[in-house]
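Please keep the sequence and the 3D view at hand while reading.

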Amino acid sequence: VLLNFWATWCPPCRAEMPDLIKWQRQFRSQGLRVLGITYPPTRLTKVRQFTRAIGVNYPILVGSKQTRALFDSGETMPFTVIIDREGRIKDRIEGIILPEEFEEKIKPLIADSVSLNP
């Protein structure tokens, strides 16, 4: 699971969303789940308009300061929590997830889940 905290007003958040959409499409059948959490919350209508316009293909939840505090006390956006198939937090990424980070930190977890489910 990639738990991605983002905001409509955040340029780096918007910049990484095409990759999140691509990875969700490419690796969903292998178990990858991306969940977006808007934080700080924006007007729900603005969130819906934005996500529809760019074709977000993963669930978007409305978060709060308390939701974010469960994973990190910082304010860096975007912020992504990597959770393995057993529900353990494997890593946290502050800022945009670079393709190299995806290959190094996330793809091995997808490969592990595929080898566990032949």
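Strand E1 (residues 2–6) and strand E4 pair in the antiparallel sense over four bridges, where two strands are said to pair if DSSP finds at least two bridges between them. Strands (E, at least two residues) and helices (H or I, at least four residues) are DSSP runs, numbered from the N terminus. The model is a predicted one, in which local features need pLDDT of at least 70 and side-chain atom pairs count only at pLDDT 80 or more, while totals for chains, interfaces and linings use all residues. Residues are numbered from 1 along each chain as its sequence is written, and side-chain values use heavy atoms, with hydrogens and water left out.

**The sheet**

The hairpin made by E4 and E5 has five residues between its strands, and in it Gly-87 takes a positive phi near 85 degrees.

Taken as a whole, the sheet is open and is formed by five strands in the order E3-E2-E1-E4-E5, with mixed pairing. Strand E3 (60–62) and E5 stand at the edges with a single partner strand each, so one side of each is left without a neighbour in the sheet. From one strand to the next the twist averages 20 degrees, with axes being lines fitted to C-alpha atoms (for helices over the stretch in contact) and angles running from 0 to 180 degrees between N-to-C directions.

Where do the residues of E4 lie, buried or exposed? Five of the five residues of E4 (residues 79–83) are buried, so this strand is largely enclosed by the rest of the structure; buried means under 20% relative accessible area, exposed over 50%, and partly exposed in between (1.4 Å probe, protein chains only). Both faces are covered, with Phe-79, Val-81 and Ile-83 buried on one side and Thr-80 and Ile-82 buried on the other. Helix H1 (residues 11–27) lies across E1, strand E2 (34–38) and E4, and runs at about 155 degrees to E1.

**Salt bridges**

A search of the whole structure finds seven salt bridges, each being a side-chain nitrogen of Lys or Arg within 4 Å of a carboxyl oxygen of Asp or Glu. Three of them, including two that involve Arg-88, are set out here.

| Side chains | N to O distance |
|---|---|
| Arg-88 and Asp-84 | 2.9 Å |
| Glu-86 and Arg-88 | 3.1 Å |
| Glu-103 and Lys-107 | 3.6 Å |

Asp-84, Glu-86 and Arg-88 are linked in a network of salt bridges. Of these residues, Asp-84 counts as buried at 8% relative accessibility, whereas Glu-86 at 49% is partly exposed and Arg-88, with a relative accessible area of 47%, is partly exposed too. Glu-103 and Lys-107 both lie in helix H4 (residues 99–116), four residues apart, which is about one turn of the helix. Glu-103 counts as partly exposed at 45% relative accessibility, and Lys-107 counts as partly exposed at 31%.

Note on methods
Contact means heavy atoms within 4.5 Å.
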